[in-house]
Amino acid sequence: MIHIDIQKPLHGSNGQMSLDVKLDIQEGEFVALTGESGAGKTTLLRVLAGLESSQGHITVNGQSWNTLAPQKRNIGFVFQDYALFDNMTVEENLLFVNNDKKLAKELLEITALESFKKRNVKTLSGGQKQRVSLCRAMMNRPKILLMDEPFSALDSLMKATLQKEIKKLHKTFGTTTIMVSHDMQAIAALADRVWVLEQGKVISDTLVQDLMQSKSQKAEVIKLKVLADKVLATIFVAGEFLEVEVAKDVQLSDTITLELSAKLSS
Amino acid sequence: MFENLDFAPFLLSFKLAAVTTVILFILALPFAWCLSQTKAKAKPFLEALTALPLVLPPSVLGFYLLVVFSPNTAFGGFIEETFGIKLVFSFTGLVVASCFYSLPFMVQPLQSGFESLNKHMLEASYLAGKSKMQTVIKVALPNIKPSLITALIITFAHTVGEFGVVLMVGGSIPEETKVASVAIYEMVEVLEYGKAHIYSALMLAMSFLVLLSVYIFNHKQKKIGIV
């Protein structure tokens, strides 16, 4: 069980704001973190990894991580820009983390990189680098795997391949995972839960299964816009931000019910 | 042509440069790393202090070092009495003075190399459980090879070419403090232009070859990086 209750002042996309997050994650859960750019998603990952400081508490299986160094957190981190060790081969990148050749072989097989193990990482394509980065993050059998936009630089074919590999790795190792992504299709395919972050605050925490199965969906009004004689509300539902027409008396933060037919036609 | 030439000053210059380069590398590496990672307010002050020998006349630096190293001052007296080390007109004094004089040539390339590294690469190493020292040795240094080679070779070459500071602190004691640049100066003073020509031509050729090798190496590294 991971308990997060942190506060941190931030310079966000709309100026000064405060990252204020209070959440619990069950062991083995796959959580997707989405929201607008500058909402504090990457900062939240970095705070969890111990790369940035914050106020508040992070507790993992009863152990306080407040003052624990990044070296001791047993975190796997997949950076958006891969951050591979350019002076090493694919295999060396993995063995640098943990000299477990059997595990390295298993990970390289899952991600179809076995034949590239002696290649210098500088010679790989973006998709291959992202997969090496994922394997490297799994090498210390992490308690938590953090992924920052793992699909952002990949084409659709590579994205589908990596998605399959992430799913396989999660099934094999059962690692608690938090993935920052804007890709709703990937979130729906991989995650158990979705958190939506806006201006440093979690405005929605929903099970993906509920979102996908429910025919009528309740959603909180995130934004309201008045256009001529219409009132449009922005909501987050089924892994997507939607703008729907609502009654004129609907207020910000109201919960509205959305029928599936209306959702598809909006 | 070469039979009457004494090559001891050359050997002494190389010995001084080699010892200075090794000592400076050991001392400057953690300092350059700290400078590259810190956001402290004192950073510009430390950077300016490190760069001082680049703009200061060597005679000024030499004069102050001579004053500080003198056994008549608190520092020089303490070193001589406690450790039995004489810092003026000695090879040891030349090494210490050279470390000050060549400091920016070691620190600046290393610092700019460290600063150019992808910060996430270092963080990935920390998250892999590696200490700062392991990260510097296994990740940072191998990824700043051109800066590392530049720092080592330029420090060595610059120390070989020192004149003002070594003359002030070391004087000209044969096989103790009389380095090649001082020997050339003395030859010109006694109008031995032929010998001065040979010494100078050797220094010129060596300096050019050293610089050429640095540029060729860095050019090759850039090419490897692009492929």
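## A contact across the two chains

Lys138(B) touches Asn87(A), Met88(A) and Phe96(A), leaving out residues up to four places away in sequence; contact means heavy atoms within 4.5 Å. Lys138(B) belongs to helix 8 (residues 132-140) of chain B. Helices (H or I, at least four residues) and strands (E, at least two) are DSSP runs, numbered from the N terminus. With a relative accessible area of 47%, Lys138(B) is partly exposed. On this scale buried means under 20% relative accessible area, exposed over 50%, and partly exposed in between (1.4 Å probe, protein chains only). Between the C-alpha atoms of Lys138(B) and Ser207(B), which are 69 residues apart along the chain, the separation is 31 Å.

## The model and its confidence

This is a predicted model, in which local features need pLDDT of at least 70 and side-chain atom pairs count only at pLDDT 80 or more, while totals for chains, interfaces and linings use all residues. Residues are numbered from 1 along each chain as its sequence is written, chains are lettered from A and ligands numbered from 1 in the order in which they are written, and side-chain values use heavy atoms, with hydrogens and water left out.

pLDDT is the predictor's confidence in each residue, from 0 to 100. Chain A has a mean pLDDT of 86, and 92% of its residues reach 70 or more. Within chain A, confidence is highest in helix 2, at 96, and lowest in helix 8 (residues 260-265), at a mean of 39. Over residues 261-266 of chain A, pLDDT stays under 50, and the model has eight contacts beyond four places in sequence for them. Where pLDDT is low, the predicted coordinates should not be read in detail.

## The interface between chain A and chain B

In this model, 20 residues of chain A are in contact with 21 residues of chain B. The two chains bury about 1,700 Å² between them, and 59% of it is on carbon and sulfur atoms. Buried area is the accessible area (1.4 Å probe) that two parts lose on being put together, summed over both. In chain A, the residues that lose the most area to chain B are Gln71(A), Asn87(A) and Phe96(A), together 33% of what that side buries.

Seven residue pairs are in polar contact between the chains (both at pLDDT 80 or more). A polar contact is a pair of N or O atoms within 3.5 Å; within protein, one must be able to donate a hydrogen and the other to accept it, and residues adjacent in sequence count only if both atoms are side-chain atoms. Helix 1 (41-49), strand 6 (75-78) and helix 2 (90-97) of chain A each supply at least two residues of the side that touches chain B. The residues of that side divide into twelve nonpolar, three polar and five charged. Here Ala, Val, Leu, Ile, Met, Phe, Trp, Tyr, Cys and Pro count as nonpolar, Asp, Glu, Lys and Arg as charged, and the others, Gly among them, as polar.

Helix 1 of chain A is largely enclosed by the rest of the structure, because eight of its nine residues are buried. Among them are Leu44(A), Leu45(A) and Arg46(A). Just after helix 1, Gly50(A) takes a positive phi of about 85°.

Arg46(A) is buried, with a relative accessible area of 8%. Arg46(A) forms a salt bridge with Glu123(B), the closest N and O atoms being 2.7 Å apart. A salt bridge is a side-chain nitrogen of Lys or Arg within 4 Å of a carboxyl oxygen of Asp or Glu. The count between chain A and chain B is one salt bridge. The side chain of Arg46(A) also meets that of Glu52(A) in a salt bridge (2.7 Å, N to O). Lys8(A), Arg46(A), Glu52(A) and Glu123(B) are linked in a network of salt bridges.

Helix 2 of chain A is mostly covered, with seven of its eight residues buried. The cover over these buried residues includes helix 3 (101-110) and helix 4 (126-138) of chain A, together with helix 7 (119-127) and helix 8 of chain B.

Glu91(A) is buried, with a relative accessible area of 14%, whereas Lys118(A) is exposed, at 60%. These two residues form a salt bridge, with the closest N and O atoms 2.8 Å apart. The pair links distant parts of the chain: Glu91(A) is in helix 2 and Lys118(A) is in the loop between helix 3 and helix 4, 27 residues apart.
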